[in-house]
Amino acid sequence: MPHGGVRGAVLGLLLCAPLFGIDRDLRIDQLHHTSWTRKDGVPSRILALAQTTDGFLWIGSSDGLYRFDGIHFEPYQSPDGKILPNNADLNCLLAMPDGGLWIGLSRGPTSFLKDGKITTYPEPAGAPGNFAGDLARYDQGIIWRADDYNGISRFTGSHWEKVGAEWGFSGGAYNLHVDRAGTLWVDTFHGLICLPRGARQFQKPASLVSGWGPFAESRDGTLWVLDWTPSSVPKVISAGSGRVLRDFDKDARVYRMIADQ
């Protein structure tokens, strides 16, 4: 589904610095905004954003990995001299609590950057290549990766493991989300599945007749998910109850959702 341009436009808007404690009643034209463009060094076709604990904003793009300090954009090359491949889109970033950054390429291995050192981990056995569609952090620091070709794999501290039939999973995966209860939600071609905290078998939620990603979780713990079933009107539903939260126009194309906290 061609949506790179839309995703890039939406992510581009997120480059504005976050504001805290603002008056929610203010109109958007009453707020101060700063924007950056290509002439300021912004890379083309932005695909992913993440902010690490040191305050840097990291940008994944078709031009590679960029770092933004609030003033300058710069292509990133680690002090140890390693660079990421420049012939593949860098479309997935995940910041970690310890200051590290997971980096996923559209085609190629997934890498981890911390303290200026890039470590690239080989693909799990039986997975000839990957498309890092999404990354999510689970309990005990386990990282899950969605792949539209190979399905799901997980990183347990030293290597990637392919998740298959022994977990009750097969096929490809797209969006991932870990909710506040510790449940891992996965958007697959056949709809949503979930893995409750501590479980070893994926489940199909009984409350959902159908459902796809993307996800957004509100302050009260309600998990919003897009139901974009073919031939039906797109709508947002509650993953917990299946209740319809919002209907969209039949021609709407929704690729990302953010819950206003």
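In strand β14, Leu184, Val186 and Thr188 point one way, while Trp185 and Asp187 point the other way. All of these residues are buried. Strand β14 spans residues 184-188, and five of its five residues are buried, so the strand is largely enclosed by the rest of the structure. The model described here is predicted.

Strand β14 has a partner in β13, residues 173-178. The two pair in the antiparallel sense over four bridges. Across this pairing, Val178 stands opposite Leu184 of β14. A hairpin of two residues joins β14 to β15.

Strand β2 was examined in the same terms. Five of the five residues of β2 are buried, so β2 is largely enclosed by the rest of the structure. Both of its faces are covered. Leu57, Ile59 and Ser61 are buried on one side, and Trp58 and Gly60 are buried on the other. Strand β1, residues 46-51, pairs with β2 in the antiparallel sense over five bridges. In this pair, Ala50 stands opposite Trp58 of β2. The β1-β2 hairpin has five residues between its strands. Gly55 in that turn has a positive phi of about 95°. Strand β3, residues 64-68, runs antiparallel to β2 and is joined to it by five bridges. The bridge partner of Leu57 in β3 is Phe68. Between β2 and β3 the hairpin has two residues.

Confidence was considered next. The chain has a mean pLDDT of 76, and 67% of its residues reach 70 or more. Strand β2, residues 57-61, has the highest confidence in the chain, at 92. Confidence is lowest in helix α1, residues 4-13, at a mean of 40. Over residues 1-19, pLDDT stays under 50. For this stretch the model has 27 contacts beyond four places in sequence.

An open sheet is formed by four strands in the order β9-β10-β11-β12, with antiparallel pairing. Strands β9 (134-137) and β12 (160-163) stand at the edges, each with a single partner strand, so one side of each is left without a neighbour in the sheet. From one strand to the next, the twist averages 25°. Within the sheet, β10 and β11 pair in the antiparallel sense over five bridges. Strand β11 covers residues 151-155. Trp144 stands opposite Arg154 of β11.

Strand β10, residues 143-147, contains Arg145. Arg145 has a relative accessible area of 2% and is buried. Its side chain makes a polar contact of 2.7 Å with the side chain of Thr110.

Arg154 also takes part in a salt bridge, with Glu161 as its partner. The closest N and O atoms of this pair are 3.4 Å apart. Arg154 counts as buried, because its relative accessibility is 12%. Glu161 is partly exposed, with a relative accessible area of 29%.

Five salt bridges are found in a search of the whole structure. Side chains of opposite charge can pair when their charged atoms come close. Besides the Arg154 and Glu161 pair, the side chains of Lys114 and Asp98 meet in a salt bridge at 3.3 Å, N to O. This pair links distant parts of the chain, 16 residues apart. Lys114 belongs to strand β7 (residues 110-114), and Asp98 sits in the loop between β5 (90-95) and β6 (101-105). Lys114 counts as partly exposed at 29% relative accessibility. Asp98 is also partly exposed, at 44%.

A further salt bridge brings together the side chains of Asp40 and Lys39, at 3.8 Å, N to O. Lys39 is exposed, with a relative accessible area of 75%. Asp40 counts as partly exposed, at 33% relative accessibility.

Terms used:
Residues numbered from 1 in each chain as written. Predicted model: local features only at pLDDT ≥ 70, side-chain atom pairs only at ≥ 80, totals over all residues. Heavy atoms only, no water. Salt bridge = Lys/Arg side-chain N within 4 Å of Asp/Glu carboxyl O. Buried < 20%, exposed > 50% of the residue type's maximum accessible area, 1.4 Å probe, protein only. Pairing = 2+ DSSP bridges. Polar contact = N/O pair within 3.5 Å; in protein donor to acceptor, adjacent residues only side chain to side chain. Axes fitted to C-alpha atoms, helices over the stretch in contact; angles between N-to-C directions. pLDDT = per-residue confidence, 0-100. Contact = heavy atoms within 4.5 Å.
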